[in-house]
Amino acid sequence: MNSDREILLVVHTGRVENRRTAEKVAGWFAAAGVRLRVLDDEAPDLDSSCYGAVVRRGPSAAAGTELVFVLGGDGTLLRAAELARPAGVPVLGVNLGRVGFLAEAESEALEEAVALVVKQGYRVEERMTVDVTATLDGVVIADTWALNEASLEKSSRERILDVLIEVDGRPVSSFGCDGVLCATPTGSTAYAYSAGGPIVWPDVHAMLVVPSNAHAMFSRPMVVSPHSVVSVEVDPDGHPAVLCCDGRRTFDVPPGSRVEIVGGSLPIRLVRLRDEPFTDRLVDKFDLPVQGWRSR
């Protein structure tokens, strides 16, 4: 057994069944000689037999590990991605939630997933991210990133957000709206999909610009180059907005602010256990009706 291997375990500890699942996973890894570390804010909810080390949540939490093993839904995986990205290590998600589009395995395949990790029978693929900067009068008020999407939304339900969209420094359209999303191909099946955006295969390098409930004749989603700079300016005489990335990192954006989104400098690395094409994953996750006239 190789005692040098270590994995960061990230768990949605809010459910009792998830904590029990974590105990099983820890037992399987321990039997294979693979050490686990857990986060300091999750350790109190887990049995001490689940881990060998406790680390503080932060940029160095996953440093030196082989991968981050996630038990939960997409929200838990996005939380884990914040730790894996600066360390440059891959993330493996096991879905214990609902749709779990980002997860690689479902709960019934948990033991198989652990076995494949133990024998290193997995591959790693890189997913594009976006870097996001918000400024006001030339002063940076937010500097962050996203795996799924950066959304700029109105801060009050009863008000309209007035924005100007630019691509590569050239204005495209201005309108009132509920918000504007800039998504990656990975995020095309998440918030952007709900807002009416297209589904983009993950190996297509592009950014999506998806207006939400825009009051305009031209408010269709746009697919732009990953090398483009997408800018959203908030009307200086309008209402404030809220910038939210992956539903996790939120910033107040005053009137007159400018938000710029570019292809990310650091990708997210996702573990893949199977060579299943994205088409099959799409059909399975959304339960699409593929039995048509051809099968009659």
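Analyst: Two strands pair if DSSP finds at least two bridges between them, and strands (E, at least two residues) are DSSP runs numbered from the N terminus. This is a predicted model, in which local features need pLDDT of at least 70, side-chain atom pairs count only at pLDDT 80 or more, and totals for chains, interfaces and linings use all residues. Residues are numbered from 1 along each chain as its sequence is written, and side-chain values use heavy atoms, with hydrogens and water left out.

User: Why are strands E17 and E18 called paired?

Analyst: Five bridges join E17 (residues 241-245) to E18 (residues 249-253), and the definition asks for at least two, so they pair. The two strands run antiparallel, with valine 242 opposite aspartate 252 in E18. Three residues lie between the strands of this hairpin, where aspartate 246 takes a positive phi near 60°.

User: What makes a space count as a cavity?

Analyst: On a 1 Å grid over the protein atoms alone, a cavity is a set of points where a 1.4 Å probe fits but cannot get out; lining residues have an atom within 4 Å of a point. The structure holds two cavities of 30 Å³ or more. The largest has about 50 Å³ of space, and its lining includes Ser151, Leu181 and Ile261.

User: How do you know which class the lining residues of the largest cavity fall into?

Analyst: Ala, Val, Leu, Ile, Met, Phe, Trp, Tyr, Cys and Pro count as nonpolar, Asp, Glu, Lys and Arg as charged, and the others, Gly among them, as polar. That lining divides into nine nonpolar, one polar and no charged residues.

Terms used:
Helix = DSSP H or I, 4+ residues; strand = E, 2+ residues; numbered from the N terminus. 1 Å grid on protein atoms, 1.4 Å probe; cavity = no way out; pocket = protein on both sides within 12 Å on 5 of 7 lines; lining within 4 Å. Points joined across faces, edges and corners; volume = space filled by probe spheres on them.
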